[in-house]
Amino acid sequence: FFTPLVYGWLAYAMYSGSMEPSLVRGEYVFIDRRSAGALPKRGEIVLFPMRTDPPYQALARVVAIEGDRVQLQRSILHLNGMPVPRRYVGDMPGNY
């Protein structure tokens, strides 16, 4: 669900629980459309088109960038040969 574009920003309603607990169903996320076409950085949340029937837009966190080697070994994400430690939202600075 989208609201009209205002000054380069787009409000996007979360309808899936795939990003919980970072983003919860029913929350609104503001998308900065002015950066469309820029390469994302690791850790950023991006909006991208899903080529399904019917098509829709999805949000996901970037875990790798161009040139990175990504592997999943025993359910542990490895990036460029090194395991990526799991970080939980409650453990991050600034969370109360």
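The model is predicted: local features need pLDDT of at least 70, side-chain atom pairs count only at pLDDT 80 or more, and totals for chains, interfaces and linings use all residues. Residues are numbered from 1 along each chain as its sequence is written, and side-chain values use heavy atoms, with hydrogens and water left out.

Start with confidence. pLDDT is the predictor's confidence in each residue, from 0 to 100. Its mean over the chain is 81, and 83% of the residues reach 70 or more. Where pLDDT is low, the predicted coordinates should not be read in detail.

Next, the elements. The chain has 7 strands and 0 helices. Both kinds are DSSP runs, numbered from the N terminus: helices are H or I, at least four residues, and strands are E, at least two.

Now the sheet. An open sheet is formed by 3 strands in the order β5-β6-β7, with antiparallel pairing. Two strands pair if DSSP finds at least two bridges between them. β5 (70-73) and β7 (82-83) stand at the edges; each has a single partner strand, so one side of each is left without a neighbour in the sheet. β5 pairs with β6 (residues 76-79) over 4 bridges. One of the residues involved is Leu72, whose bridge partner in β6 is Leu77.

Strand β6 also holds His78. His78 is buried, with a relative accessible area of 10%. Buried means under 20% relative accessible area, exposed over 50%, and partly exposed in between (1.4 Å probe, protein chains only). The side chain of His78 makes a polar contact of 3.3 Å with that of Gln73. A polar contact is a pair of N or O atoms within 3.5 Å; within protein, one must be able to donate a hydrogen and the other to accept it, and residues adjacent in sequence count only if both atoms are side-chain atoms. A polar atom of the His78 side chain also lies 3.1 Å from the backbone oxygen of Ile76.

Last, the core. The largest nonpolar core has 8 residues: Leu10, Tyr12, Met14, Met19, Leu23, Val29, Ile31 and Leu59. Such a core is a set of buried Ala, Val, Leu, Ile, Met, Phe, Trp, Tyr and Cys residues joined through side-chain atoms within 4.5 Å. β1 and β2 (28-32) each supply at least two residues of this core. Of the 96 residues of the chain, 17% count as buried.
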